[in-house]
Each structure stands twice: as C-alpha cells, then as structure tokens.
Amino acid sequence: MENLESQLQGAATVAIVGHVRPDGDCTGSCLAVWNYINAWHPDIQAKVYLEPIPNIFRFLKGADEIEGPKSTDSPKDLCIVLDCGDEGRLGEGIHYFKTAKRTICVDHHISNESFADENHIFPQVGSTSELVFDLIGEEKLTKEIAECIYVGIVHDTGLFQFDSTTAKTMNIAGKLMEAGINFTKIVDETFFTKTYGQNRIMGKVLMDSRLYLGGKLIVGMATQKDMEQFGVQPKHLDGIVNQLRVTKGVEAALFLYENERGGYKASLRSNGKINVAELAMKFGGGGHVMAAGADLKGTAEEIIEKICMETERQLVQENLHKK
C-alpha cells in the first residue's frame with residue numbers, strides 16, 4: 001500500500017473500525033484517518049465505528065462523531081480496519097468489514113494474518129498510528145491529525161520506552177510537535193491524570209498484588225466488586241499494569257480484571273526477557289512483545305497458574321540460551 005490517498009479512489013462511503021475496547025493507538029489511528037478524510041476529501045462520507053472510547057481521548061477532534069457499530073447499517077464502499085489483528089477482535093464492527101465492497105487493514109500486531117483485501121502490516125513498528133503517519137504523508141498533516149497520531153504513538157510505545165521505539169518514531173514525534181500540538185498536556189492528561197476512584201482502585205490492586213516465580217512475575221487483580229466499590233469501569237483501569245511492571249526485580253506483570261461474564265481480561269507487560277505476545281497468543285489473545293492481552297475463562301487462581309507456567313517456561317529457555 002503506497003498511501004491512503006490511492007485507497008480512497010472511487011469510494012463515496014467509508015467505515016473506519018478498530019478493535020474492541022479501543023485504546024490510545026486504536027482511537028488515535030482511527031480518528032487520524034477520519035480527520036484526514038474530513039479535511040482533504042469532504043465529499044467522502046466517512047464515519048468511525050467503535051465501542052465507547054476512554055474519556056481521556058475525547059479531546060481529539062472527531063471523538064464526538066464516533067458511533068457504536070450497528071448491524072443494520074448499509075454496506076460501505078470501503079472499510080478501513082486499524083490496529084486490529086484479526087476479524088474476531090472487531091466485535092460488532094465486523095458488520096462493516098463483511099459488507100463493504102472493499103477492505104483494507106493497517107496494523108502492527110505480529111499475530112495479524114493479512115485478512116483484508118489490501119493489507120499494510122508491519123509488526124516491527126511501534127504503533128499503527130506511526131504507520132498512518134506514513135500513509136497520510138507529512139504534507140497533509142494538520143494539527144488535529146497530528147494530535148491523534150501522537151496519542152496513538154505515545155500510548156503504544158509506553159511513552160517511547162518500549163523496544164519498538166526507533167529513531168524514526170522519534171523523528172515522527174518531532175514533526176507532530178512542529179504541527180503545533182500541546183504534547184506535554186497530551187501526555188499529562190492521558191497518562192498521569194487520574195480520578196480519585198482510579199487512584200483508589202490502583203492503590204488496592206498494588207497493595208493486594210503478589211509476587212511469583214521468585215519475584216520475576218507480579219500479579220494484580222480487580223474484581224467486579226472492586227470496580228463497583230470505587231465507581232470505575234474497565235476503561236478506567238489503564239495504567240495499573242504499567243505500574244505493576246516497574247516493580248524492581250520483576251520481568252513481567254499480569255493484571256487481571258473480572259468481566260461481567262465471569263471471566264477475566266488479562267493485561268501483560270514485559271521488561272524485556274518475556275515475550276508477552278507469545279504468551280498471550282497461547283490463550284487466544286495477542287499483542288506485542290512488550291505489551292499484550294487476552295480474555296480468559298476460569299478462576300483467577302487457575303489463570304495465574306497457567307500464566308506462571310508459561311512465564312517460567314520462557315525464563316528457562318532464556319537461561320538455556322545464555323548458556
């Protein structure tokens with residue numbers, strides 16, 4: 001795929017979709033594409049269809065235009081899938097993918113098997129938003145597009161801390177800053193500012209967390225009861241797993257939160273030795289080497305035991321490789 005411009009040729013209606021439980025990169029890349037079409041192709045009717053996004057991203061232009069997916073919507077000329085590794089992760093957004101005349105996918109998940117008509121998949125790149133920057137082109141960058149792309153990049157590179165951050169990533173960030181974005185405010189308000197309820201539940205998770213595998217794995221958990229007690233929803237739990245990860249001496253962090261169906265959502269982070277994408281894929285999930293996730297069934301104890309076994313297996317392989 002050379003650029004986004006060529007993909008829009010002949011399309012009068014466009015659906016932009018991403019993965020369930022949209023995060024910063026999903027939200028940022030989807031809204032960057034929407035802002036691009038809105039600014040440079042006002043004759044094209046484009047709409048973003050996502051599950052509710054976290055409130056911290058609602059300052060982005062177009063956030064108030066996002067609609068929930070509807071299975072009754074008419075087929076579109078083009079469906080653009082962003083930051084999603086497989087059809088199953090599209091949730092209700094699969095309707096637009098299945099009914100569109102043409103589909104494209106822009107993604108950086110290593111598990112992506114190129115499921116669209118046209119695919120732009122680069123697992124080595126730190127974020128889908130970085131790929132969107134390349135496809136849009138610097139000459140078509142607006143402040144609003146730049147804000148969306150910056151949000152996506154900083155959230156999927158962990159504030160430029162993950163190994164996927166390259167010199168090119170930093171150069172792109174510089175160009176986004178030159179577009180006039182308030183980059184310090186974006187980082188502060190989407191990473192560090194928390195509600196009182198969010199701080200309290202994070203505190204409880206950290207207080208109740210436990211170390212496994214001789215301190216190499218740290219595990220924290222939030223139940224439905226905890227979320228009700230502190231008045232938070234799953235989308236408000238961002239940041240907890242990263243706080244667990246920075247515990248001195250650990251190689252990986254696991255954060256579990258109970259969903260309404262009785263299972264658990266697992267968020268995994270690595271400090272380098274553990275490939276959490278490989279680990280998550282064993283349980284039907286996916287992601288990146290340093291950050292991944294999966295939906296798991298069973299009790300918390302059963303899930304922790306399984307994650308411990310796989311983490312220990314990787315640690316043993318790491319030690320053997322060193323020898």
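1. Helices and strands are DSSP runs, a helix being H or I over at least four residues and a strand being E over at least two, numbered from the N terminus. With that convention, Arg-21 is placed in the loop between strand 1 and helix 2, the latter covering residues 24–40. The model under review is a predicted one, and the remarks that follow should be read with that in mind.

2. Overall make-up. The protein chain contains twelve helices and eleven strands. Its radius of gyration is 20 Å, close to the 20 Å that the globule rule gives for 323 residues, so the chain is as compact as a globular protein of that length. Along the principal axes, the C-alpha atoms fill a box of roughly 60 × 45 × 35 Å.

3. Burial and contacts. Of the 323 residues in the protein chain, 53% are buried. Among contacts in the protein chain with a separation of 6 or more, 65% are accounted for by residues 24 or more positions apart.

4. Phe-160. A positive phi, near 65 degrees, is found at Phe-160, which is likewise a residue other than glycine. Phe-160 sits in the loop between helix 5 (143–156) and helix 6 (167–178).

5. Strand 1. Thr-13 belongs to strand 1, which spans residues 13–17. Leaving aside residues up to four places away in sequence, Thr-13 touches Gln-45, Pro-75, Lys-76, Asp-77 and Leu-78. Thr-13 and Asn-275 are 262 residues apart in sequence, and their C-alpha atoms are 40 Å apart in space.

6. Ser-127. Where does Ser-127 lie? Its place is in the loop between strand 5 (118–121) and helix 4. Ser-127 has a relative accessibility of 0%; the limit for a buried residue is under 20%, so Ser-127 counts as buried. Not counting residues up to four places away in sequence, Ser-127 is in contact with Asp-25, His-108, Gly-152, Ile-153 and Asp-156.

7. Helix 4. Why is helix 4 described as largely enclosed by the rest of the structure? The reason is that eight of the nine residues of helix 4 (residues 128–136) are buried. The buried residues are Thr-128, Ser-129, Glu-130, Leu-131, Val-132, Phe-133, Leu-135 and Ile-136. An α-helix has 3.6 residues a turn, so residues three or four places apart point the same way. After helix 4 comes Gly-137, with a positive phi near 95 degrees.

8. Helix 7. Glu-189 is part of helix 7, residues 183–192. With a relative accessibility of 36%, Glu-189 counts as partly exposed. The C-alpha atoms of Glu-189 and Leu-268 are separated by 23 Å, and these residues are 79 positions apart along the chain.

9. Cysteines. How many disulfides are there? The count comes to zero. For Cys-26, the nearest cysteine sulfur is that of Cys-30, 4.4 Å away, and Cys-26 is in no disulfide. Cys-26 counts as buried because its relative accessibility is 0%. Cys-308, at 10% relative accessibility, also counts as buried.

10. Rolling a probe the size of a water molecule over the atoms shows where empty space is left. In this model the count comes to one cavity of 30 Å³ or more. The largest cavity has a volume of about 40 Å³. Which residues line the largest cavity? They are Gly-18, His-19, Val-20, Tyr-49, Leu-50, Glu-51, Pro-69, Leu-90, Glu-92 and Gly-93. This lining divides into five nonpolar, three polar and two charged residues.

11. The second largest pocket. The space in the second largest pocket is about 250 Å³. Its lining consists of 17 residues, and Pro-123, Ser-164, His-288, Val-289 and Met-290 are those nearest the centre of the pocket. By class, the lining of the second largest pocket comprises eight nonpolar, seven polar and two charged residues.

Notes: Residues numbered from 1 in each chain as written. Predicted model: local features only at pLDDT ≥ 70, side-chain atom pairs only at ≥ 80, totals over all residues. Heavy atoms only, no water. 1 Å grid on protein atoms, 1.4 Å probe; cavity = no way out; pocket = protein on both sides within 12 Å on 5 of 7 lines; lining within 4 Å. Points joined across faces, edges and corners; volume = space filled by probe spheres on them. Nonpolar A, V, L, I, M, F, W, Y, C, P; charged D, E, K, R; others polar. Disulfide = S-S within 2.5 Å. Buried < 20%, exposed > 50% of the residue type's maximum accessible area, 1.4 Å probe, protein only. Rg over C-alpha atoms; globule rule 2.2 N^0.38 Å. Contact = heavy atoms within 4.5 Å.
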